[in-house]
Amino acid sequence: MASTFLIAGLGNPGSRYDQTRHNAGFWFLDALAKREGLTFRNEAKFHGLYCKAAIQGTQQLLIMPSTFMNRSGQSVGALAKFFKIPPSQIIAVHDELDLPPGTMKFKTGGGHGGHNGLRDIHAHLGSADYHRLRLGIGHPGNAKAVADYVLKAPSIEDRTLIDGAIDEALRALPLILDADFARATNQINGYKP
């Protein structure tokens, strides 16, 4: 039986950021919403676009923070506190520079790797013991170019690869919601475009 999870897709609000690499977490929740016929609504007390969804017969909580990436924890923390969701039932879906487009990794705990959205979630939860679905966006090859790179749209080829990884992650989602993290990790981390 699936548990209730808080699934946070990370990104930046507003149409100017919709297609940028930093919004890969939003793309994941958009794809889930399309698959499940879900509608998000703005919820001020959770600082984001929020949806309750029955997936696999269990209520799941979905959030796209509207706080901008660097303050993602404000939204995730507010929702987790309101519904008393422990870090072990929180999944942050985010862009990952250290993975090429079309690849992804599922992991639990660990550092924030310099990702400001995760850094803020750590701070608000007071814990790093939540799950991360890291969607590869590639790296520009130069650390000084990163800020500009994540706020630009990927090439059509790269976006197709990222969308393919998101589709595979959605296929693995039932395993995550059943807390079968070992099988979910194998399926997600082993995916090849």
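In this predicted model, helix α1 (residues 24-36) lies across strands β1 (6-9), β3 (48-55), β4 (58-65), β5 and β7, and runs at about 140 degrees to β4. Helices (H or I, at least four residues) and strands (E, at least two) are DSSP runs, numbered from the N terminus; axes are lines fitted to C-alpha atoms, for helices over the stretch in contact, with angles from 0 to 180 degrees between N-to-C directions. Helix α5 (residues 156-177) also packs on the sheet, where it touches β1, β3, β4, β5, β6 and β7 (contact: heavy atoms within 4.5 Å), and its direction makes about 30 degrees with that of β6.

The open sheet comprises 7 strands in the order β2-β3-β4-β1-β5-β7-β6, with mixed pairing; two strands pair if DSSP finds at least two bridges between them. Strands β2 (41-43) and β6 (104-108) form the edges, each pairing on one side only. Strands β5 (residues 90-96) and β7 (residues 131-136) run parallel and are joined by 6 bridges, with G136 of β7 as the bridge partner of E96.

Residues are numbered from 1 along each chain as its sequence is written. Local features need pLDDT of at least 70, side-chain atom pairs count only at pLDDT 80 or more, totals for chains, interfaces and linings use all residues, and side-chain values use heavy atoms, without hydrogens and water.
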